[in-house]
Each structure stands twice: as structure tokens, then as C-alpha cells.
Amino acid sequence: FNKNLLAMRQFSLLFFIASLLCLVSCKPEITFESQGFDSEKIAVFQTFIAEEIKSGKIAGAEILIAKDDAIVLHEAQGFADLTTQKPLSKNSIYYLQSMTKPIISVAIMQLVEKGMLSLEDPIEKFIPEATGLQIILDPEEGMQGEKVPLKESITIRHLLSHTAGFSHGLGTNKMELELYYSLYGPPLQMSENPHKTIESRVKALVAAPLIGSPGKQWYYSASPDILALIVQRVSKQSLPDYLKAKLFDPLGMNDTGYNVPDAERNRVMSVHIHDQTGQLITFAEQIPTRGNTVYGGTHGLFSTAQDYLRFCQMILGNGTLNNQQILKPETIALMSQDQTNGVFEAPGKGFGLGFEVILDPIAEGYENKGQLSWGGYFRTHFFIHPEQDLVAIWMTQILPYSNEYGDALRENVYGALLEP
């Protein structure tokens, strides 16, 4: 009996081991094709990135593509810093610049859902500093030029859709140049911040004249800074505390914030620029990674590709990721609709509540109707395609801004998709 029992146990053990080996060996191989992509076209994209680095156009780049809740491609090429020749690693930390804006838009919409504010609320309800606003008649005359009083109220919806009439100080006329100095200090001197708090910067913004009446134009602006201050005042929390509790911790965005912990600073990619001879160099003025106290909505957050993927997947999941509901599905649907009433000038495109929206696939030549996207000044880019359950993220750090790599990201990712 004991011999039979021992033999049965040995057989059972061998059967168990054989079953495990079969599970491992019989598991279908994960390929680009099995995930809906053409491997040869993905290789072309990878070669393109390598050539951009080799030719000195960028120091390095990190790419993350995810489809159907699975990561299709995640790789880093090149250097985090050209001077030290430190290789760029996956999940390095990047300064998001304007990719901060969609995150702040989500925070505002959480407060809308809770009934703490309305999209139609006038901004002076929360920002009394924004009373007595005026519209400039000729921006070439500067901020002291002739102005007329604003007759209607600017709403939260106007701020989210960049139709309020505020500017960003990024243009070339005299008023824009003066506004830039007022908001951000001397150009490309990143450590010279004229403000210590978001309150101070918002006061400077609302003290400047508007470029037009609300709802009459789409004009890229610093309106998200006003939204950031509204989040603080309505929630009665600092913006970092609010974002950590309501977005970052629930989504597992552990490397996202306005400052980088000491232990993680070696993961930050340096900002690069081309010098007067066209040589790519590490920029002398790096973004401070600690001591930042202006908790902005226009820019200010550091993050990683993996963290930003989680944010995008929440949008794809109609407001929910890993059983953590950040927004309701109907809120995501509203944010994904054009809110500009036709004043967004790019053909086939609109702007929702925090994202550019593709209304017609002829806009870019791809089947990407419904795509949500935006980018940052240091040429970080992302897009979300709900119908394809697709997210693509491009991270690098180089100035000045260009949409070249946003275009390359979309062209190569959509181009590599296999027909269903």
C-alpha cells in the first residue's frame, strides 16, 4: 500500500510539473502582430528615433504605446544628459510643461461633479481679483494701450476651453511680450521666477488686458492657472495635497508632483537646446526640482511615462482605473466634446474641456476621430484614441517647442496599426 501511495504521489508531482511546463511553453507568443501592430513599421519608428538621436536633434526619447490595457512598446533611447553621457532609462522623470493642463482640468471636473462649482459659474465668484477686466484694442501698443471694459462674465467653461480671452504671453506682439515677463520673468531663465505662489501669478494674469471677449475666439492661454487657484480655494487644500489625494494616489501616479524627492533626482532628464552653431547641448538653465512653490495649472508638474499612462488609461476607462473612479463616464464624454462653438480654427479639430479633440479624421489623415491629445513645451506629447483603446506617449526634454514629434508619434503609431 505504501509503495502504491508513493508511486501515486510521484506521478501526481510529475503530472503537475508537466502541466506547468505546458502552460509556459504553450502560451501564445506575444508579438507586435498579436497586439494589433505591424512589427516592421514599429521597427521603422524605432529607427527614426535612433536617427534623431544620432543626428543630434534630440539627446534621447522615451516611448510608451499601450493598447487594450497592455503595453505594446516601452523603450528609452539615447541620453538623459549629453554632458555626462548618462543613458536615458525607462520611467525617467520629465518636466511636463503644458501636459499639466489636462490633469488640472480633471481636478476641476471632480469639483463640478461634487456640486462645489458649475461650468457656468463666473470666475469672479472664486477669484474676486478678476473683476473689472478690460479688453485691449491693439496688442501692438502693449498692456498700457487703449482698452474697453469687459461686458460679460468669463465662466469656468471658458477657462477650460481656452475661449475666455486670456493670453499665455507666448505671442510676438508687444502686449504678449510684456505679459510673458509679468508671468514668467526673462525668457529661458528658468530659475528667475517673479512669483512665489500661484495667487501672485494669477493676480498678474487678471491684471493684464484680455485679447477678446469670452466665447468669441480660441486663444491658447494661461487660464489653467486660474483653474488651479480655484481648485485650492474651493477644496480648501493646497493643489499638491488635493492632486495627491484625489488623483495621484488613487491612480498610482507615485512619481508625479511639483517637486522631485532627493532620492529620485538622478532619474530626471536634463533639458537640452541647440546652441548658435546648431550643436545640441545640455541647457545651462535647468528646471529646479525642489523648492517649487508656484503650483500652476498651466505647467509645473514632473512625471513619468508610466504615470502619465495611468492618467490616460483612466480617461480611456471612462473615468475609472483599477476600480478607482476619478470621474463619471458622462463627465469624460463631456470633456471629450468640442466646447468652442466652431471658433477653434484648425480644420476638423476642436477643443474640449482640457484636450484637443479630433472631430473629423481628415484633420490629420488618420482614422482617429475622437482622439484626445496635447503636448508640452519641452516636446512631450501624448494622444488617447478611445475607439482603438489606444494610448501613445512621447517623452523628451528639448526646447523650444515644436509639434514635430507629436506628428511623428501619431504618424508612426497609427501607421503601424493592423487592419481589424
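## Strand pairing and aromatic contacts

Strands S13 and S14 (residues 372-375) pair in the antiparallel sense over two bridges. Two strands count as paired if DSSP finds at least two bridges between them. Strands are DSSP runs of E with at least two residues, helices are runs of H or I with at least four, and both are numbered from the N terminus. Val357 has Leu372 in S14 as its bridge partner.

This is a predicted model: local features need pLDDT of at least 70, side-chain atom pairs count only at pLDDT 80 or more, and totals for chains, interfaces and linings use all residues. Residues are numbered from 1 along each chain as its sequence is written, and side-chain values use heavy atoms, with hydrogens and water left out.

**The sheet.** Eight strands form an open sheet in the order S3-S2-S1-S16-S15-S14-S13-S12, with antiparallel pairing. S3 and S12 are the edge strands, and each pairs on one side only.

| Strands | Bridges | Residues between | Positive phi in the turn |
|---|---|---|---|
| S1 (residues 60-67) and S2 (residues 70-81) | Eight | two | Asp68, about 55° |
| S2 and S3 (residues 86-87) | Two | four | Gln85, about 60° |

Glu62 stands opposite Ala76 in S2. Phe79 has Pro87 in S3 as its bridge partner.

Helix H9 (residues 305-316) lies across S1, S2, S14, S15 and strand S16 (390-395). H9 runs at about 150° to S16. Axes are lines fitted to C-alpha atoms, for helices over the stretch in contact (heavy atoms within 4.5 Å). Angles run from 0 to 180 degrees between N-to-C directions.

**The rings.** The structure holds 20 aromatic pairs. Rings of Phe, Tyr and Trp (its six-membered ring) pair if their centres lie within 6.5 Å; planes under 30 degrees apart are stacked, over 60 edge-to-face, and the rest tilted. The Tyr95 and Phe302 rings have centres 4.9 Å apart and planes at 55°, so this pair is tilted. Tyr95 sits in strand S4 (residues 94-95) and Phe302 in strand S9 (residues 302-303), 207 residues apart. Tyr95 counts as buried at 9% relative accessibility, and Phe302 counts as buried at 2%. Buried means under 20% relative accessible area, exposed over 50%, and partly exposed in between (1.4 Å probe, protein chains only).

Phe355 and Phe382 form an edge-to-face pair, 6.4 Å centre to centre with 80° between the planes. Both Phe355 and Phe382 are buried. Ring pairs also link Trp218, Tyr220, Phe344, Phe351 and Trp374 into a cluster.
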